[in-house]
Amino acid sequence: MQTPIILSMIDPYILLAIGIALIAFEAIITSFILIWFGTGFIITALISYVYIFPNGVWQIAIASIISLVLLIFLRKKVLESF
């Protein structure tokens with residue numbers, strides 16, 4: 001039986017770069033969804049500077065949760081202001 005492969009901790013600079021790239025892609029796509037995932041990755045990068053995650057799966061999970069919460073609660077409000 002094989003042991004599961006666990007993703008090692010992702011460097012905060014890589015998470016920050018992913019977040020910036022997603023926000024930059026938002027300028028091209030204009031769907032107003034990628035900006036929330038980019039923000040989630042940037043917030044996770046900031047958390048990663050303070051807290052050491054046991055592995056990268058937790059970092060991706062936190063980024064996804066933050067992104068979905070921002071998407072659900074803020075997208076409609078921000079779209080109304082534009």
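Analyst: A word on the model comes before the details. This is a predicted model, in which local features need pLDDT of at least 70, side-chain atom pairs count only at pLDDT 80 or more, and totals for chains, interfaces and linings use all residues. Residues are numbered from 1 along each chain as its sequence is written, and side-chain values use heavy atoms, with hydrogens and water left out.

Start with the whole protein. It has three helices and zero strands. Read from the N terminus, the order is α-α-α. Helices (H or I, at least four residues) and strands (E, at least two) are DSSP runs, numbered from the N terminus. The C-alpha trace spans about 50 × 25 × 25 Å along its principal axes. Of the 82 residues, 27% count as buried. Buried means under 20% relative accessible area, exposed means over 50%, and partly exposed is in between (1.4 Å probe, protein chains only).

Now to H2 itself. This helix has 17 residues. From first C-alpha to last, H2 reaches 25 Å, close to the 24 Å expected at 1.5 Å a residue. That expected span is 1.5 Å times one less than the number of residues.

Which residues of H2 are buried? They are Trp36, Gly38, Gly40, Phe41, Thr44, Ala45 and Ser48. An α-helix has 3.6 residues a turn, so residues three or four places apart point the same way. The cover over the buried residues of H2 includes H1 and H3.

Some of these residues join a larger group. The largest nonpolar core has six residues: Ile10, Leu15, Leu22, Phe41, Ala45 and Ala63. Such a core is a set of buried Ala, Val, Leu, Ile, Met, Phe, Trp, Tyr and Cys residues joined through side-chain atoms within 4.5 Å. In soluble globular proteins, nonpolar side chains tend to be buried together.

Setting aside neighbours within four places in sequence, Phe41 is in contact with Leu15, Ile18, Gly19, Leu22 and Ala63. Contact means heavy atoms within 4.5 Å.

Threonine 30 is found in the loop between H1 and H2. Its phi is positive, about 55°, although it is not a glycine. Threonine 30 counts as exposed because its relative accessibility is 61%. Phenylalanine 32 lies in this loop between H1 and H2. The phi of phenylalanine 32 is near 60°, again positive in a residue other than glycine. Phenylalanine 32 has 16% relative accessibility, so it counts as buried.

The structure holds three aromatic pairs. One of them joins phenylalanine 32 and tryptophan 36, edge-to-face, at 5.8 Å centre to centre with 90° between the planes. Rings of Phe, Tyr and Trp (its six-membered ring) pair if their centres lie within 6.5 Å; planes under 30 degrees apart count as stacked, over 60 as edge-to-face and the rest as tilted. Tryptophan 36, like phenylalanine 32, is buried.

Isoleucine 72 lies 36 residues away along the chain, yet their C-alpha atoms are separated by 9.6 Å. Isoleucine 72 belongs to helix H3. With a relative accessible area of 61%, isoleucine 72 is exposed.

Tyrosine 51 and phenylalanine 53 form another edge-to-face pair, 5.1 Å centre to centre, with 90° between the planes. Tyrosine 51 is partly exposed at 47%, whereas phenylalanine 53 is buried at 7%. Asparagine 55 sits in the loop between H2 and helix H3 (56-81). It is buried because its relative accessibility is 14%. A polar atom of the asparagine 55 side chain lies 3.2 Å from the backbone nitrogen of valine 57.

Glutamine 59 lies in helix H3. It counts as buried, at 0% relative accessibility. Residues up to four places away aside, glutamine 59 touches Met9, Ile10, Leu15, Thr44, Ser48 and Phe53. Of these, Thr44 and Ser48 are among the buried residues of H2.

Definitions and conventions: A polar contact is a pair of N or O atoms within 3.5 Å; within protein, one must be able to donate a hydrogen and the other to accept it, and residues adjacent in sequence count only if both atoms are side-chain atoms.
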